[in-house]
Amino acid sequence: MRCRGFELIVIASLAASGAFAETLSPEADACKATGLLALKQKYPQVKDLLIDLDSAKIIKAETTIEDVPIKTIVIGDAYVERTKTSKPQTLVCIIGDKGKVLLTLFSDK
């Protein structure tokens with residue numbers, strides 16, 4: 001009986017940490033929102049976009065491209081839902097001042 005209680009605690013903490021991880025990355029959320037919008041304009045059949053936060057690298061930067069400040073770069077696996085099956089693609093997202101997404105790029109692996 002004692003082991004069952006421990007298992008429930010572990011399962012509950014894993015579920016909570018998974019839900020919590022979804023809200024830990026405003027950068028990934030911004031990339032998802034702008035990426036999904038751009039994809040839907042070009043490919044109306046796109047239903048959703050999922051960024052794999054386990055594979056994502058969120059890199060803080062203090063640099064510029066020409067005169068444009070770059071604050072964050074997000075690189076990771078993304079799943080673009082077009083049909084019933086989807087293969088992961090590499091996402092590259094560049095964020096500038098005030099969280100503005102400057103570029104969202106998807107590439108086949």
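**Exercise 1. How many disulfides does the count come to?** Determine the number in this predicted model, then describe the geometry and placement of the link.

Solution. 
- Step 1. The criterion is a pair of cysteine sulfur atoms within 2.5 Å. C31 and C93 meet this requirement, with an S to S distance of 2.0 Å.
- Step 2. By this rule, the count comes to one disulfide.
- Step 3. The value about the S-S bond is -90°, and the link of C31 and C93 is left-handed.

**Exercise 2. Which residues have the most contacts inside the largest nonpolar core?** Identify them, and state which elements build the core.

Solution. 
- Step 1. The largest nonpolar core comprises 15 residues, and L91, C93 and F106 have the most contacts inside it.
- Step 2. At least two residues of this core come from each of helix 2 (26-42), strand 1 (48-51), strand 3, strand 4 (88-95) and strand 5 (101-108).
- Step 3. Helix 2 makes the greatest contribution to this core, with four residues.
- Step 4. Consider L91 in detail. Leaving aside residues up to four places away in sequence, L91 touches I51, V74, I75, G76, A78, T104, L105 and F106.
- Step 5. The general background is that nonpolar side chains in soluble globular proteins tend to be buried together.

**Exercise 3. Is D77 buried or exposed?** Locate the residue, classify it and list its contacts.

Solution. 
- Step 1. D77 is part of strand 3, which covers residues 68-81.
- Step 2. The cut-off for a buried residue is under 20% relative accessible area. D77 has 17% relative accessibility and therefore counts as buried.
- Step 3. With residues up to four places away in sequence excluded, D77 touches L50, I51, D52, S55, P88, Q89 and K109.

**Exercise 4. Where do E66 and K98 lie?** Place each residue, then examine its phi value and accessibility.

Solution. 
- Step 1. The reference point is that most residues other than glycine have a negative phi.
- Step 2. E66 occupies the loop between strand 2 (57-65) and strand 3. These two strands form a hairpin with two residues between them, and E66 in the turn has a positive phi of about 60°.
- Step 3. K98 is in the loop between strand 4 and strand 5. Although K98 is not a glycine, its phi is positive, at about 55°.
- Step 4. Exposed means over 50% relative accessible area. E66, at 75% relative accessibility, therefore counts as exposed. K98, at 89% relative accessibility, likewise counts as exposed.

Technical notes. Residues are numbered from 1 along each chain as its sequence is written. This is a predicted model: local features need pLDDT of at least 70, side-chain atom pairs count only at pLDDT 80 or more; totals for chains, interfaces and linings use all residues. Side-chain values use heavy atoms; hydrogens and water are left out. Buried means under 20% relative accessible area, exposed over 50%, partly exposed in between (1.4 Å probe, protein chains only). Contact means heavy atoms within 4.5 Å. A nonpolar core is a set of buried Ala, Val, Leu, Ile, Met, Phe, Trp, Tyr and Cys residues joined through side-chain atoms within 4.5 Å. Two strands pair if DSSP finds at least two bridges between them.
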